[in-house]
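Biologist: I would like to learn how to read a protein model. Could you walk me through it, starting with the strands?

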Amino acid sequence: MLLKLLRYLFGYVQIEVNGFAPERYMNLLIKDDIVIWDVEDLENGYRFYIGRKNLLNLKPYLQKTNMKFKIVKRIGLPYFFKRNRKRASFGIGCLMFVVLIYILSLFVW
């Protein structure tokens, strides 16, 4: 449960990897301790989840094994904030409402 919460807070990505040598690619990721989870086998590649910060570390392995990747889903709080930037004032207004209700409930009217 805590691991799911931390993954959501920091963000993670679902990726499809296709190409010539998917097994070699997975072995290189495991060798260098890049954490991946929920690996699914596809016809000519794999689909798996990886952390947002580890996404930048994939490029040398993709070039080495002649593979291509496609981002399927972006999940997590950083991506949520990025999608809803235009609605920031609504979120701030809701937060101010909750704080105001809390402060006013401290007094007996």
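Biologist: In which sense do S1 and strand S3 pair, and over how many bridges?

Modeller: Before we start, this is a predicted model, where local features need pLDDT of at least 70, side-chain atom pairs count only at pLDDT 80 or more, and totals for chains, interfaces and linings use all residues. Residues are numbered from 1 along each chain as its sequence is written, and side-chain values use heavy atoms, leaving out hydrogens and water. Now the general idea: strands of a sheet pair through backbone hydrogen bonds, either parallel or antiparallel. Strands (E, at least two residues) and helices (H or I, at least four) are DSSP runs, numbered from the N terminus, and two strands pair if DSSP finds at least two bridges between them. Here, S1 (residues 12–19) and S3 (residues 45–51) are antiparallel, with 7 bridges.

Biologist: How many residues lie between S2 and S3 in their hairpin?

Modeller: There are 3 residues between them. The two strands run antiparallel and are joined by 4 bridges, and Glu40 stands opposite Arg47 in S3.

Biologist: Why is S3 described as largely enclosed?

Modeller: Buried means under 20% relative accessible area, exposed over 50%, and partly exposed in between (1.4 Å probe, protein chains only). S3 is largely enclosed by the rest of the structure because 6 of its 7 residues are buried. S1 is mostly covered too, with 6 of its 8 residues buried.

Biologist: How much space lies in the largest pocket?

Modeller: Rolling a probe the size of a water molecule over the atoms shows where empty space is left. A pocket is an open set of points on a 1 Å grid over the protein atoms alone, where a 1.4 Å probe fits, with protein on both sides within 12 Å along at least five of seven lines; lining residues have an atom within 4 Å of a point. The largest pocket holds about 210 Å³, and its lining includes Leu3, Phe10 and Trp37. Helix H1 (residues 2–10) gives the largest share of that lining, 4 residues.

Biologist: What is the volume of the second largest pocket?

Modeller: About 170 Å³, where a volume is the space filled by probe spheres set on the points, and grid points are joined across faces, edges and corners. Among the residues lining this second largest pocket are Phe80, Arg87 and Phe90. H5 contributes the largest share of the lining, 3 residues.
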